[in-house]
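Dear colleague,

Please find below the structure that I am handing over to you. I would be grateful if you would look at it first and then read the notes that follow.

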Amino acid sequence: RVARRVKALARTKKISANRVVVDLIEAGLEAQEREKKRFFDMADRLVRSSDPEQQKQLKEDLARMTFGE
């Protein structure tokens, strides 16, 4: 099923299936880095915040990022 989608993407973009796989891996790694940065930015905001309501929201958001919905 995945191989079929990769081949379809390759045909659509007129590139090799290997290139599609590399592009997908790179996109996944970049997304992971963005999510990591977002997490640490949010944790930093939590540490710096003095507003209890904002702290509560940030804690909930961090918990959701860590443990899921």
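A surface patch, as the word is used here, is made of residues with over 30% relative accessible area and no salt bridge, and nonpolar side chains are joined into a patch within 5 Å. Please keep in mind throughout that this is a predicted model.

With that definition in hand, we may begin with one such patch. Val-21, Ile-25 and Leu-29 make a nonpolar surface patch of about 250 Å². Ile-25 is placed in helix H2, which covers residues 17-48. Is Ile-25 buried, exposed or in between? Its relative accessibility is 48%, so Ile-25 counts as partly exposed, because that class lies between the limits of 20% and 50%.

The chain as a whole

The secondary structure of the chain consists of three helices and zero strands. Read from the N terminus, the order of elements is α-α-α. How does the chain compare with a compact globule? The globule rule gives 11 Å for 69 residues, but the radius of gyration of the chain is 19 Å, well over that value, so the chain is more spread out than a compact globule. The C-alpha trace spans about 55 × 20 × 15 Å along its principal axes.

Two further values describe the surface. Of the 69 residues, 13% count as buried. The chain exposes about 6000 Å², and carbon and sulfur atoms supply 55% of this area.

Two pairs of residues illustrate distances within the chain. Ser-50 is placed in the loop between H2 and helix H3 (52-67). Ser-50 has a relative accessible area of 70% and is therefore exposed. Between Ser-50 and Lys-13 there are 50 Å in space, C-alpha to C-alpha, and the two are 37 residues apart in sequence. The second pair includes Glu-53, which is found in helix H3. With a relative accessible area of 54%, Glu-53 is exposed.

Charges and salt bridges

How many positive and negative side chains does the chain have? There are 17 positive and 12 negative side chains, and the centres of the two sets lie 11 Å apart. Side chains of opposite charge can pair when their charged atoms come close. For a salt bridge, the cut-off is a side-chain nitrogen of Lys or Arg within 4 Å of a carboxyl oxygen of Asp or Glu. By this rule there are six salt bridges in the count. Three of these pairs are described below.

The side chains of Glu-35 and Arg-38 meet in a salt bridge, with 3.1 Å from N to O. Why are these two residues separated by about one helical turn? The reason is that Glu-35 and Arg-38 are three residues apart in helix H2. Glu-35 is partly exposed, at a relative accessible area of 38%, and Arg-38 is also partly exposed, at 43% relative accessibility.

A further salt bridge joins the side chains of Lys-37 and Asp-41, with an N to O distance of 2.8 Å. Lys-37 and Asp-41 are four residues apart in helix H2, and therefore about one helical turn separates them. Lys-37 is exposed, with a relative accessible area of 52%, whereas Asp-41 is partly exposed, with 38%.

Some salt bridges share partners, and in this way Arg-19, Asp-23 and Glu-26 are joined into one network. Arg-19 counts as partly exposed at 35% relative accessibility, and Glu-26 counts as partly exposed at 40%.

A backbone angle

Lys-14 is found in the loop between helix H1 (2-13) and H2. The phi angle of Lys-14 is near 60 degrees, which is a positive value in a residue other than glycine. At 75% relative accessibility, Lys-14 counts as exposed.

With kind regards,
Your colleague

Conventions. Residues are numbered from 1 along each chain as its sequence is written. This is a predicted model: local features need pLDDT of at least 70, side-chain atom pairs count only at pLDDT 80 or more; totals for chains, interfaces and linings use all residues. Side-chain values use heavy atoms; hydrogens and water are left out. Patches are made of residues with over 30% relative accessible area and no salt bridge: like charges are joined within 9 Å, nonpolar side chains (Val, Leu, Ile, Met, Phe, Trp, Tyr) within 5 Å. Accessible areas come from the Shrake-Rupley method with a 1.4 Å probe; for residues, only the protein chains shown count as cover. Buried means under 20% relative accessible area, exposed over 50%, partly exposed in between (1.4 Å probe, protein chains only). The radius of gyration is taken over C-alpha atoms; the globule rule is 2.2 Å times the number of residues to the power 0.38. Lys and Arg count as positive and Asp and Glu as negative; His and the chain ends are not counted. The place of a charge is taken as NZ of Lys, CZ of Arg, CG of Asp or CD of Glu.
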